[in-house]
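Here is a short briefing to read beside the model. Keep the viewer open and follow along by topic.

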Amino acid sequence: MKTSNQWIEHFNENAKRERVNWSLKPSISDQEIRTILRSLQAWQLGETSDGTHLLKAAAKYAAQIDDAAYVVATLLFIREEQKHGNNLGAYLDRLGKPRIKADLGDTLFRKVRYFNTNMEIWTLAVTVVESTAQIFYQSMKDATGCQLLKQICTDILIDEAHHIEFQTERLSIIFNNKTAFLKTISHKAYYLFFFSTAFIVWMAHKKLFRAGGNTFNRYMLKMKYKYNRIMSRVTANTVLSTNSAIAQ
């Protein structure tokens with residue numbers, strides 16, 4: 001488990017890596033554009049959040065556990081997400097397609113976030129979204145022959161793996177500081193939230209998922225695998241405390 005300062009170091013180092021060759025031009029067919037465009041636009045919008053409400057929740061939580069570095073790590077995490085939005089936006093620009101300013105799914109998710117200052121709910125929500133994002137971007141990568149878009153997706157997928165680790169570690173710390181009774185309740189709540197969100201994401205982007213080779217059953221099997229893997233880490237019988245993640 002990394003300390004907050006170790007995560008700061010990771011995010012700073014990762015920011016120096018350029019995995020996308022922007023000298024490439026989009027080489028995507030009209031059919032591929034029709035298949036992926038709506039989902040690409042919606043996801044690009046979702047990646048552009050300024051993170052204000054997440055930072056407020058992180059600051060409140062960091063003050064409780066006396067770990068100011070966690071706020072910095074969260075800020076760098078947000079900037080990495082914004083990089084994804086910028087890259088997707090640059091790709092849309094090159095296609096001559098608009099960046100949308102509103103999407104129903106994004107609007108609903110943002111409204112929920114605006115009223116949440118609980119770090120556990122934030123961490124769980126981000127973990128679920130990052131898990132669906134892994135399948136989303138792999139599907140987009142598989143649904144097109146465009147090398148530029150494939151590189152953009154690969155870059156995001158590399159980042160997302162670390163994002164899930166970052167969030168899972170935090171959720172584990174929070175979870176393992178609960179009583180046995182609250183752990184039982186939380187476990188059931190995590191399951192319900194995880195798969196409810198997974199279903200909503202499928203319904204919103206099933207055309208893209210299918211183009212990437214996923215049936216609904218295959219998609220849900222992947223999400224089940226991700227859930228089991230995440231929860232095995234979160235609920236591990238390791239004695240954890242908030243201090244285990246505080247930078248020394």
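Among contacts in the chain between residues at least 6 apart in sequence, what percentage join residues at least 24 apart? The figure is 84%, where contact means heavy atoms within 4.5 Å. Please note that this is a predicted model, in which local features need pLDDT of at least 70 and side-chain atom pairs count only at pLDDT 80 or more, while totals for chains, interfaces and linings use all residues. Residues are numbered from 1 along each chain as its sequence is written, and side-chain values use heavy atoms, with hydrogens and water left out.

**Overall make-up**

- The chain has 9 helices and 0 strands; helices (H or I, at least four residues) and strands (E, at least two) are DSSP runs, numbered from the N terminus.
- Of the 248 residues in the chain, 49% are buried; buried means under 20% relative accessible area, exposed over 50%, and partly exposed in between, with a 1.4 Å probe and protein chains only.

**Helix α2**

- Helix α2 covers residues 30–46, and its 17 residues reach 24 Å from first C-alpha to last, close to the 24 Å expected at 1.5 Å a residue; the expected span is 1.5 Å times one less than the number of residues.
- A kink of about 50° is centred on Ile36; the bend at a residue is the angle between axes fitted to the seven residues ending there and the seven starting there.
- Because 12 of its 17 residues are buried, α2 is largely enclosed by the rest of the structure.
- Among the buried residues of α2 are Ile36, where the kink is centred, and Trp43.

**Thr132 in helix α6**

- Thr132 is found in α6, residues 119–142, and is buried, with a relative accessible area of 0%.
- Leaving aside neighbours within four places in sequence, Thr132 is in contact with Trp43, Ala198, Val201, Phe209, Tyr219 and Met223.

**Two loop residues**

- Ser27 lies in the loop between α1 (4–14) and α2, and counts as partly exposed at 43% relative accessibility.
- Beyond its neighbours within four places in sequence, Ser27 is in contact with Gly145, Cys146 and Gln147.
- Ser27 and Leu95 are 68 residues apart in sequence, and their C-alpha atoms are 9.4 Å apart in space.
- Asp66 sits in the loop between α3 (52–65) and α4 (69–95), where it is exposed, with a relative accessible area of 66%.
- Although Asp66 is not a glycine, it has a positive phi of about 60°.

- The 29 residues of α7 should span 42 Å at 1.5 Å a residue, and the end C-alpha atoms are 41 Å apart, which agrees.
- α7 is mostly covered, with 21 of its 29 residues buried.
- The second largest pocket has a volume of about 200 Å³. On a 1 Å grid over the protein atoms alone, a pocket is an open set of points where a 1.4 Å probe fits, with protein on both sides within 12 Å along at least five of seven lines; a volume is the space filled by probe spheres set on the points, which are joined across faces, edges and corners.
- Its lining (residues with an atom within 4 Å of a point) consists of Gln134, Ala161, Ile164, Glu165, Tyr225, Lys226, Arg229, Ile230 and Arg233.
- The elements giving two or more residues to this lining are α7 (147–175) and α9 (216–234), and the largest share, 5 residues, comes from α9.
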